[in-house]
Amino acid sequence: MTCSEFLAELDDLIDDSVTPTLRADLELHLRECEHCVITLNTTRKTIEIYRQHELTSCPPRCESACRLPSWRSANTAANQSSLSRIANPCRRCACLSV
Amino acid sequence: MRICIVADNASVRFGGESILPLHYFRQLRQRGVEVWLVAHDRVRAELEALLPEERDRMRFVADRAIHRVLFRLSGFLPRRVAESTLGLLMLMYTQWTERHVVRELIRDHGIDVLHQPSPVAPSYPSMFFGLGRPLIIGPMNGGMDYPPAFRSADSLASRIFVALARPLTAIANRLLPGKRTAAVLLVANQRTAAVLPAGVPRPSGRTGRERRGPCHLGRECLDATEGRESLRLHGSAGGLEGASHCL
């Protein structure tokens with residue numbers, strides 16, 4: 001299996017919808033190709049990041065000072081209160097730790 | 001969240017990294033995320049046949065004479081030289097034309113985030129600056145040379161040219177600040193982070209799983225989650241200049 005053939009199956013591999021035979025071929029390729037391991041892992045993780053974070057609005061008091069939206073991790077109770085700004089932080093309020 | 005994926009090519013047919021934007025688009029759509037895709041017209045027929053139900057979420061920039069001229073000229077150069085000269089010019093021109101489409105999407109669909117998954121080369125500049133929305137670039141993976149068994153595929157002249165051209169990418173990234181002003185740079189590993197252009201914030205040596213604390217840059221460092229992959233943001237005196245996330 002070539003890297004291009006592997007990449008063509010990446011969607012199905014991430015969705016866990018490949019046949020056992022194809023999975024064996026893909027895993028064999030992964031054992032021999034560091035680049036494809038990296039591509040698989042980073043693609044999975046990037047999609048996971050998008051799934052785990054949602055956009056939130058800044059508190060009204062600082063809306064005018066904030067140029068960009070922030071992301072909130074949405075998975076766990078602890079994370080419900082954790083805001084992380086993707087880019088320029090609000091300089092007026094504590095957006096980083098609301 | 002409304003995401004706009006920007007790419008030169010998004011294609012199964014073209015092979016290599018050109019399939020990555022398509023994977024992100026499909027994966028995120030399958031998960032119900034509001035995503036739009038902007039790519040070059042050369043992949044339109046393939047994408048519209050592959051994803052007919054997503055036609056209204058795909059935008060394409062026209063193939064111009066300059067694309068054709070650069071493509072023909074690149075045929076006279078060794079592959080790696082062509083990629084890092086005329087190929088790069090063609091990419092920059094495509095990105096420049098895509099900016100107009102991205103602006104329209106921001107205006108018409110309220111795009112929140114721009115995502116540029118390719119090219120994965122950490123040194124390539126990005127044209128998606130100054131669009132008023134956070135730009136996420138990556139995951140990037142680079143800083144590699146040909147393995148010994150494949151060195152013959154890469155001529156000495158090409159290697160010398162590429163080595164000489166690498167410092168020029170720093171200048172290109174100064175002139176085209178997309179990467180320097182990106183909200184988040186996703187990198188596959190520290191090897192890739194090490195070859196990010198000058199002026200780009202690098203992730204610390206620690207993994208994304210560590211808890212909040214000052215990073216080695218002495219800047220405020222925030223991990224949004226515990227025990228899972230998380231975003232790490234680097235602050236600075238004037239605010240967060242950007243962030244790198246080592247996946």
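How many of the seven residues of strand S2 (residues 34–40) of chain B are buried? The count is six, and the strand is thus described as mostly covered. The legends below refer to a predicted model.

**Figure 1. Strand S2 of chain B and its pairing with strand S1.** S2(B), residues 34–40, has six of its seven residues buried. Strand S1 of chain B, residues 2–6, pairs with S2(B) in the parallel sense, over five bridges. Within this pairing, Cys4(B) has Trp36(B) in S2(B) as its bridge partner.

**Figure 2. Strand S2 of chain B and its pairing with strand S3.** S2(B) also pairs with strand S3 of chain B, residues 58–61; the sense is parallel and there are four bridges. His40(B) has Val61(B) in S3(B) as its bridge partner. A right-handed β-α-β unit is made by S2(B), helix H2 of chain B (residues 44–50) and S3(B).

**Figure 3. The largest nonpolar core and the surroundings of Ile5(B).** The largest nonpolar core comprises 47 residues. Those with the most contacts inside the core are Cys4(B), Ile5(B), Leu114(B), Ile136(B) and Leu185(B). When neighbours within four places in sequence are left aside, Ile5(B) is in contact with Pro21(B), Tyr24(B), Phe25(B), Val35(B), Leu37(B), His115(B) and Pro117(B). In soluble globular proteins, nonpolar side chains tend to be buried together. Of the 247 residues of chain B, 43% count as buried. The chain has eight helices and nine strands. Among its contacts between residues at least 6 apart in sequence, 59% join residues at least 24 apart.

**Figure 4. Two cis peptide bonds in chain B.** The bond from Ser118(B) to Pro119(B) is cis, with omega near 5 degrees. Pro119(B) is found in the loop between strand S4 (113–116) and strand S5 (135–140) of chain B. A further cis bond runs from Gly138(B) to Pro139(B), where omega is near 5 degrees. Pro139(B) lies in strand S5 of chain B. Most residues other than glycine have a negative phi, and most peptide bonds are trans.

**Figure 5. Asp16(A) in a loop of chain A.** Asp16(A) is found between helix H2 (10–14) and helix H3 (20–32) of chain A, in the loop that links them. Phi of Asp16(A) is near 60 degrees, a positive value in a residue other than glycine. Is Asp16(A) buried or exposed? Asp16(A) counts as exposed because it has 7 C-beta neighbours inside 10 Å, and a residue is exposed if that number is 12 or fewer.

**Figure 6. Helix H3 in the setting of chain A.** H3(A) has 13 residues and reaches 19 Å from its first C-alpha to its last, close to the 18 Å expected at 1.5 Å a residue. The helix is hardly covered, with one buried residue among its 13. In chain A as a whole, 29% of the 98 residues count as buried. Chain A contains five helices and three strands, and from the N terminus on its elements run α-α-α-α-β-β-α-β. Of the contacts in chain A between residues at least 6 apart in sequence, 35% join residues at least 24 apart.

Technical notes
Residues numbered from 1 in each chain as written. Chains lettered and ligands numbered in written order. Predicted model: local features only at pLDDT ≥ 70, side-chain atom pairs only at ≥ 80, totals over all residues. Helix = DSSP H or I, 4+ residues; strand = E, 2+ residues; numbered from the N terminus. Buried ≥ 20, exposed ≤ 12 C-beta atoms within 10 Å, placed from the backbone. Contact = placed C-beta atoms within 7 Å. Pairing = 2+ DSSP bridges. Right-handed = clockwise from strand over helix to strand, strands pointing away. Expected span 1.5 Å × (residues − 1). Core = buried A, V, L, I, M, F, W, Y, C linked by C-beta atoms within 7 Å.
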